[in-house]
Amino acid sequence: MRISRLSVAAVLWLVSCCVGCGSPRDAPTRDGERLARTYCASCHTFPEPDLLDRSGWAAVLPDMGSRLGIYTTRSRDSLIGLFAWHDVDPATIYPVDPVLTPEAWEALASYYAHAAPEAMAPASHRPPITVGLAHFTVRVPGVRLDARLTTMAQIEEDPRVSFVGNYGPTNDVVVLDAQGQVLHHFELPGAPVAARMDGTRLLIAVMGKGPEPTEAAAGSIQVIEGPYAPARPLITHLKRPVDLDLGDLNGDGRQDLVVCEYGNQTGFLSWYEAAEDGTYRRHVLSTRPGAVAAALYDFDGDGRQDIGALTAQGDEGFDIYYNAGDGRFNASRALRFPPVYGSNHFELADFNADGHVDILYANGDNADITPILKPYHGVRIFLGAPDGSFDEAFFFPLHGAVAAKAADFDGDGDLDIAAISYFPDYAETPEESFVLLTNTGDLTFEARTFEDASRGRWLVMDVGDFDRDQDPDILLGSNIGFAPQGDRTGLYERWVQEAPAFVVLENTR
């Protein structure tokens, strides 16, 4: 939606999930439950009915039925007309003939109508979020960028600059110095969402014309090869790329690329093999839509870089592509999540210092047909075991969580967590929009935020030494794209008038 890697993370608020259905305590009929378990679980995990309330299921079921060839509220032609399909056969998404009988569909739908709760359960207990950050100063930039549709935020150690990417009239990347002053900007052909330094080159993933759901292969990886060189296309015809990483995957000494193409109904996770002549050869790892974030890491300790990838958009989960050598990878699903989780972001860290990598995960994409507060949105830590498995060890409920990043902010030797939300409960708990979780030991955390944290709508974040004083700072990017649904706080009007494009939380430790 990492839009610091996009965390799409992370222009991830603009896409709809592929939805599914669940399992009951009091199912009205055994047939309904059996059918739900058969058909809903054929595409993704079988979610429990209490993942949505009854009104939520009423909104979801027609969309779900259309994937089974059951068109109740809209015709097949009208659904197909919503998208430009390009190289995709609509019949692979919306079947011409129904997959099950109308009676079977009625039983399945009735199961959800009866098993779902009247209202969503509240989020599980969490520590209060206290206003006031020790060792941090909030710095609002003196420069005001025209666009406040920030889609990328990144702090680089070498070169010692930071980047802020904007979507809208500008479509550019702004280069900032340690004081937050603009050094330069690069124009781009679309929304910049993720970037990596490759030696002296800057590689930027560009979504395409805009962040809206599409099957169009209009995205690209752009390269900037000098401080003032214009951007030029390096890899083209990508389906809404939202993240990239780079490393030597085949042992030839050249930096290869991994690219997440979120797409819409279809997408790709691919690695691009770097050739001597500077071109890239594509190797597709997955054709599922919703590849949202990827990172290279040697998960099995064999000396080769593997690929960890997070997928949203229906069949949500975390996959490891183990590097078998010679450019071959073996996929293994390490974690699987319900299709309404809204996976946005992950990163790798060792929280318990046992030498096994852990996964920090944020889920909270709520730009779909059920934009209600969901108690399972938040930040999780999955601890890695010696056998390569991961088990959930920590959960901090955070409505609409879009990104989380680990660093030792207070210098006490353990990892703290900075997290942002794009869909917090602005009416009741606006402090959810940014939370600093300070590690107090044994995976317990104290939650704090800064005063007036809702002055911007935080979509992207990065952590690093922004001001070059040897401690980790936090760069927040605000994207005021659209008003929160049903919001009556007046915040959107305020954002339009005065929201900054970015804010720096400067660590004064």
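**Salt bridges in a predicted model**

At 30% relative accessibility, Asp452 counts as partly exposed, because that category covers values between the 20% limit for buried and the 50% limit for exposed residues. Asp452 is also the partner of Arg455 in a salt bridge. The model discussed here is predicted, and its salt bridges come to a count of 25. Some of these pairs are described below.

**The pair Arg455 and Asp452**
- In the salt bridge between Arg455 and Asp452, the closest N and O atoms are 3.8 Å apart.
- This distance qualifies because a salt bridge requires the nitrogen and the oxygen to lie within 4 Å.

**The pair Asp198 and Arg201**
- Asp198 and Arg201 form a salt bridge whose closest N and O atoms are separated by 2.9 Å.
- Both residues of this pair, Asp198 and Arg201, are buried.

**The pair Arg288 and Asp319**
- A salt bridge joins Arg288 to Asp319, with 2.8 Å between the closest N and O atoms.
- Arg288 is found in the loop between β14 (280–286) and β15 (291–297), while Asp319 belongs to strand β17 (residues 317–325), so the pair ties together parts that are 31 residues apart in sequence.
- Arg288 has a relative accessibility of 28% and therefore counts as partly exposed.
- Asp319 has a relative accessibility of 4% and therefore counts as buried.

**A network of salt bridges**
- Arg288 and Asp319 also belong to a network of salt bridges.

Terms used:
Residues are numbered from 1 along each chain as its sequence is written. This is a predicted model: local features need pLDDT of at least 70, side-chain atom pairs count only at pLDDT 80 or more; totals for chains, interfaces and linings use all residues. Side-chain values use heavy atoms; hydrogens and water are left out. A salt bridge is a side-chain nitrogen of Lys or Arg within 4 Å of a carboxyl oxygen of Asp or Glu. Buried means under 20% relative accessible area, exposed over 50%, partly exposed in between (1.4 Å probe, protein chains only). Helices (H or I, at least four residues) and strands (E, at least two) are DSSP runs, numbered from the N terminus.
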